[in-house]
Amino acid sequence: MSQLCVIASVSGHVQGVGFRFHTAHEGLKRSLTGYARNESDGKVTVLMCGKEEDVHALLEWLEQGPPSSRVVDVTYEQVEWQAIDGFSIR
């Protein structure tokens, strides 16, 4: 099984609706490490590292997000592996 890290940028109504909390919860459920961080432009950045299929599952989840959010777009790219403990909210 291959391991990878992906960084994603999620736009839409994704701040002030618990998006980071729910993303961290979903990441931990999938045994991923990384973080979810609000950006000044209203987007949320998500770094996720772990098994390829689990990373793809979280990317798929990000397309919808929690019910309180309204995701407009998700862009992502693979980045160099990073050893991170846990899944944090920044």
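## Domain and model

The UniProt annotation "domain: Acylphosphatase-like", from an unreviewed entry, covers residues 5-90; such annotations may be inferred rather than shown by experiment, and their positions follow the numbering used here. The model is predicted, so to speak with care: local features need pLDDT of at least 70 and side-chain atom pairs count only at pLDDT 80 or more, while totals for chains, interfaces and linings use all residues. Residues are numbered from 1 along each chain as its sequence is written, and side-chain values use heavy atoms, with hydrogens and water left out.

Over residues 5-90 the chain is 26% helix and 42% strand, with the end C-alpha atoms 18 Å apart. Helices (H or I, at least four residues) and strands (E, at least two) are DSSP runs, numbered from the N terminus.

## The sheet

Let's start with the strands. Five of them form an open sheet in the order β4-β1-β3-β2-β5, with mixed pairing; two strands pair if DSSP finds at least two bridges between them. At the edges are β4 (70-79) and β5 (87-89), each pairing on one side only. Neighbouring strands are turned by 15° against each other on average, direction ignored; axes are lines fitted to C-alpha atoms, for helices over the stretch in contact, and angles run from 0 to 180 degrees between N-to-C directions.

Strand β2 (residues 33-38) pairs with β5 in the parallel sense over three bridges, and Tyr-35 stands opposite Ser-88 in β5.

## The helices

Helix α1 (residues 19-29) lies across β1 (3-13), β2, β3 (44-51), β4 and β5, and runs at about 175° to β5. Helix α2 (residues 52-62) packs on the sheet too, touching β1, β3, β4 and β5, and its direction makes about 155° with that of β3. Contact here means heavy atoms within 4.5 Å.

## Two nonpolar cores

A nonpolar core is a set of buried Ala, Val, Leu, Ile, Met, Phe, Trp, Tyr and Cys residues joined through side-chain atoms within 4.5 Å, where buried means under 20% relative accessible area (1.4 Å probe, protein chains only). The largest core has 21 residues, of which Phe-19, Met-48, Leu-62 and Phe-87 touch the most other members. Its largest share, five residues, comes from α2. Not counting residues up to four places away in sequence, Leu-62 touches several residues, among them Ala-8, Phe-19, Met-48 and Val-74.

A second, separate core of five residues includes Tyr-35, Leu-47, Cys-49 and Ile-84. Cys-49 lies in strand β3 and is buried, with a relative accessible area of 1%. Beyond its neighbours within four places in sequence, Cys-49 is in contact with residues including Leu-4, Leu-32, Val-55 and Trp-81.

Note on methods
Buried < 20%, exposed > 50% of the residue type's maximum accessible area, 1.4 Å probe, protein only.
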